[in-house]
Amino acid sequence: MSIADSTETTMEPDADEIARQRRKRVETFGKWLLPAVVLVLMLVIWDRIVVWNEIPHYILPGPGLVFETLIKDWAMLFEALLVTVQITLMALAVAVIGGVGLAVLFTQSRLVEMSFYPYAVILQVTPIVAIAPLIFIYVDSRIAGLLLCAWLVAFFPVLSNTTLGLNSADHNLRDLFRIYGASRWQTLRFLQLPSALPYFLGGLRIAGGLSLIGAVVAEYVAGTGGLKSGLAFRILEAGYRLNIPRMFAALILIAGTGVIIFAGLSFLSHMLLRKWHESALKRDH
Amino acid sequence: MTAPERPHATRPELLRLDRVGKTFNGDVVALRGMSLQVREGDFISLLGPSGCGKSTALRLISDLMHPSEGRITWAGPQETGDLGVVFQEPTLMPWATVAQNVWLPFRLRGKSYASVRDDVLEALKLVGLEKFQNSYPRELSGGMKMRVSIARAMVTRPRLILMDEPFAALDEITRFKLNNDLLTLKEAIGCTVIFVTHSVFESVFLSDRIVVMAARPGRVITELQVDAAYPRPESFRTSAEYAAYTRQATDALHEAMGEVA
């Protein structure tokens, strides 16, 4: 009873406590405020450079003009954005299926892993811009070509992280599963897959950004072939016409998409791990 | 004074090790010529320094390894679930709740949670954690995690529980408490225990037989009887009888380590 009481009494906060609360305030405040201040500063400097040097808009448009273009061309840019996002998400989905599938196959059979892992690495280290033109020669469907390119870039982090995760299950737990006569499937389902989840989610966050990069790069290479055009093609097209404000507007949309994908996957990761994983632990001291 | 009763000598045999040895990589002898007769209801401690093969012995008994020589014979057919294991670490699945962790041995035998819910809760009650069934391991203290691990090992009511230095990483106050509770538990479910430890005090307090082992190569030096009757209260720890057994075990251990007592 005395223990419970002593923690309940309101004591004067000591120096550590005051410092801790101050750090916490700075942390929550600064996390949003500081980047916002930097953004406003950069926009002001950009604007002043353009105005004071009287730079023409076909060389460097001011932030105001870029914003106007974003609104004016919204219908066209948004349509292009949807195309790019569609390719990106499909590539990410295929990367997850392919990456996790291969990882499971690798951990189930050492022979399969030894046979194919080197080629997974080779595919990963060869720059996608170098492979993409070939892909579009042999693949008729433009959509399939785009997907293949984006997938090639995105699947490796999922594969390598998930493989690492599947192999990092606690050794004593593995022994325990053996003692209890667990089947391969049970060990995979109840031990290896949950152990791999945090690793997989880390790989997924990287793959999210990479599949966007893959989609954009592939679009540059593929150009447009009757199909609806994505943001990358809009950037190319605007470049040919020296429509620099539209290039900036499209660029902002691509960057924004990347941020949203990353934030979404981080949120997913947090929700899946918050109950048990160290990475989601909140520490107050 | 009458001679102490020795009920263990009359109990049926559960398991027998006949000159069992294990050699790694062709030349590292982890264990040599270990013979041991385990009877139902025994509490046997394997006591010895690091490298004496006590953990190897447990791995051989649990069939995680095959002996290089000798044989291990079980009385009657062996089924999965006849064996419970507690490791030095609690070895819980961090993504699963306490109840789900204890459910594991049943789950791996294809039993739904609903069908064994009562057994799981009963096991948690025996280790005093029934209120924590929905907690995650990271929310528990070291001692509580170890209790969950013990509950998991005994939830199937196995014939034999193997414990590999389960309390070595705990503080002494928690360890004493868990020692007492382990004896109570063993009485409650009537299982057999083989307990690996490097603590003389722990082995004397818990067991009715102490197998003293030596290292390089791992081997059995001697076997001591602790004839003090169960249940053993906390006061046993300070009794003259306890001190005498401790002395005996310490001397044997020194001999095992090649020193003069």
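This report walks through the contact between two chains and a few residues inside each of them, using a predicted model.

## Where the chains meet

Let's begin with the place where chain A and chain B touch. Chain B brings 24 residues to the contact, and chain A brings 22 residues. Together they bury an area of about 2,200 Å², and carbon and sulfur atoms give 66% of it. Three residues stand out here: Trp95(B), Leu108(B) and Arg138(B) supply 34% of the area that chain B buries against chain A, more than any other three residues.

The interface also has polar features. Five residue pairs are in polar contact across it. On the chain B side, strand S5 (83-86), helix H2 (98-107) and helix H4 (142-154) each supply at least two of the touching residues. Sorted by type, the chain B residues that touch chain A are 13 nonpolar, five polar and six charged.

## One salt bridge across the interface

How many salt bridges cross between chain B and chain A? There is one. Asp175(A) pairs with Arg59(B), and their closest N and O atoms are 2.9 Å apart. You can find Asp175(A) in helix H8 (residues 171-179) of chain A, and Arg59(B) in helix H1 (residues 54-61) of chain B.

Are these two partners buried or exposed? Asp175(A) has a relative accessible area of 10%, so it is buried. Arg59(B), at 28% relative accessibility, counts as partly exposed.

## Aromatic rings

Over all chains, the structure holds twelve aromatic pairs. In one of them, the rings of Trp276(A) and Trp95(B) have centres 5.7 Å apart; their planes lie at 75 degrees, which is over 60, so the pair is edge-to-face. This pair crosses between chains: Trp276(A) is in the segment after helix H11 (244-273) of chain A, while Trp95(B) is in the loop between S5 and H2 of chain B. Both Trp276(A) and Trp95(B) are buried.

Chain B has an edge-to-face pair of its own, Phe236(B) with Tyr242(B), whose ring centres are 5.2 Å apart and whose planes are at 70 degrees. Phe236(B) is buried at a relative accessible area of 5%, and Tyr242(B) is buried at 7%. Over in chain A, an aromatic cluster is formed by Phe106(A), Tyr117(A), Trp151(A), Phe155(A) and Phe156(A).

Thr88(A) sits in helix H4 (residues 74-108) of chain A. Its relative accessible area is 1%, so Thr88(A) is buried. Setting aside residues up to four places away in sequence, Thr88(A) touches Gly208(A), Ser211(A), Leu212(A), Ala215(A) and Ile261(A). The C-alpha atoms of Thr88(A) and Trp151(A) are 8.8 Å apart, although 63 residues separate them along the chain.

In chain B, look for Asn179(B) in helix H5 (residues 172-189). Asn179(B) is buried too, at 1% relative accessibility. Beyond its neighbours within four places in sequence, the contacts of Asn179(B) are Phe167(B), Glu202(B), Phe205(B), Leu206(B) and Arg237(B).

## More salt bridges

The whole structure contains 18 salt bridges over all chains. One of them joins Arg11(B) and Asp42(B) at 2.9 Å, N to O. Arg11(B) is partly exposed at 23%, whereas Asp42(B) is buried at 0%. Both belong to a salt-bridge network that also links Asp208(B), Arg209(B) and Glu223(B).

Technical notes
Residues numbered from 1 in each chain as written. Chains lettered and ligands numbered in written order. Predicted model: local features only at pLDDT ≥ 70, side-chain atom pairs only at ≥ 80, totals over all residues. Heavy atoms only, no water. Contact = heavy atoms within 4.5 Å. Buried area = accessible area lost by both parts, 1.4 Å probe. Salt bridge = Lys/Arg side-chain N within 4 Å of Asp/Glu carboxyl O. Polar contact = N/O pair within 3.5 Å; in protein donor to acceptor, adjacent residues only side chain to side chain. Helix = DSSP H or I, 4+ residues; strand = E, 2+ residues; numbered from the N terminus. Nonpolar A, V, L, I, M, F, W, Y, C, P; charged D, E, K, R; others polar. Phe/Tyr/Trp six-rings, centres within 6.5 Å; stacked < 30°, edge-to-face > 60°. Buried < 20%, exposed > 50% of the residue type's maximum accessible area, 1.4 Å probe, protein only.
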